[in-house]
Amino acid sequence: MDNPPQLQDILDNLSDMPSLPNVVARLTRLIADPNTTASDINNALSADPGLVTKILKLVNSSYYGFSRRITTITNAVVILGFNQVRNLALSAFLFDAFARKGKSSFDVNGFWRHSIGVAFLAAQMARHINPKLEEDAFICGLLHDLGKFIMAQKAPDHVIMVAETVKERDILFYQAEKLCLGYDHAILGSFVLELWNLPQTLVDVVRCHHDPMKAPEASRTLCCVTRSADVIGRAMLMGNGGDRGVPRLTRAVWRQTGLDWNRLEDIMRKVAEEYSKSDAFFSGA
């Protein structure tokens, strides 16, 4: 096998990678503006009819279970809110761009199921801590392992080598990445988010989700929520994180979330219910 690809080589070879649709980037900017209206969101999305179709398909999937059909983005915004519509737009793009890419030996479906499970957990946890963080927590959970998908596209043979090292040495996936490649998916994923001009908080969380206490103070709590959700999701056997291990969740990270242990059982129960309906979410995309 060739020598492992250098991180810069991967970054220099991202030109053929799917670009974040302009409309999603515009949605992110609009949501940050307190004067934005549902009509503004509708007008922004109208520039991409294909994306509108995918969003409405997700909204009308059995995952949400609305009693009446949602036929317009304006209605979706009124019912779900700005942030959730933005998240649906990003989810639809990600599933379309990455869900069926990579070699067959790379468990793309399992990785996506892990990501969506972590997203559900992070959002539920944030709802108990600070509801304003809920939608960003969902996106952080969904994106935290993005670098694995990028690596599967750009260096599939080396992802296989990492997976084999995981089995041979009984270590975590990111530990095997560092051993085999000299870097891990967290740093790669964060560079891609920067390329897409997503908010710095999301970049910080993805970059630091294995060691969240190193995240900048402004994004540390969200990073600790994402880390906790990742660990709990693995313990709940949600999808495939690339190894069978459950990383250690430190007291410092849990304290930073501000979440009461007594609420965890209820959160896990609710998320298990959501996760059981995730097939509808995937099929909707």
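By class, how many nonpolar, polar and charged residues does the lining of the largest cavity have? Point 2 takes this up, after a word on the basis of the values.

1. The model is predicted, and local features need pLDDT of at least 70 while side-chain atom pairs count only at pLDDT 80 or more, although totals for chains, interfaces and linings use all residues. Residues are numbered from 1 along each chain as its sequence is written, and side-chain values use heavy atoms, with hydrogens and water left out.

2. The lining of the largest cavity has four nonpolar, four polar and six charged residues, where Ala, Val, Leu, Ile, Met, Phe, Trp, Tyr, Cys and Pro count as nonpolar, Asp, Glu, Lys and Arg as charged, and the others, Gly among them, as polar. A cavity is a set of points on a 1 Å grid over the protein atoms alone where a 1.4 Å probe fits but cannot get out, and lining residues have an atom within 4 Å of a point.

3. A search of the whole structure finds two cavities of 30 Å³ or more, and the largest cavity has a volume of about 70 Å³, a volume being the space filled by probe spheres set on grid points that are joined across faces, edges and corners. Of its 14 lining residues, Y174, H210, D230, R234 and P247 are the closest to the centre. Helices α11 (173-181) and α14 (217-235) are the elements that give two or more residues to this lining, and α14 provides the largest share, with three residues. Helices here are DSSP runs (H or I, at least four residues), numbered from the N terminus.

4. The largest pocket has a volume of about 450 Å³, a pocket being an open set of points with protein on both sides within 12 Å along at least five of seven lines. Among the 19 residues that line this pocket, those closest to its centre are A163, V166, K167, G242 and D243. Helix α10 (residues 156-169) gives the most to the lining, with six residues, and by class the lining has nine nonpolar, four polar and six charged residues.

5. Helix α8 (residues 134-143) is mostly covered, with nine of its 10 residues buried (under 20% relative accessible area, with a 1.4 Å probe and protein chains only). The buried residues of α8 include F138, I139, L142 and L143, as well as E134 and E135.

6. In the packing of α5 (residues 73-80) against α6 (residues 82-98), A76, V77 and L80 in α5 meet F82, Q84, V85 and L88 in α6, contact meaning heavy atoms within 4.5 Å. This contact has six nonpolar, one polar and no charged residues.

Technical notes:
Buried means under 20% relative accessible area, exposed over 50%, partly exposed in between (1.4 Å probe, protein chains only).
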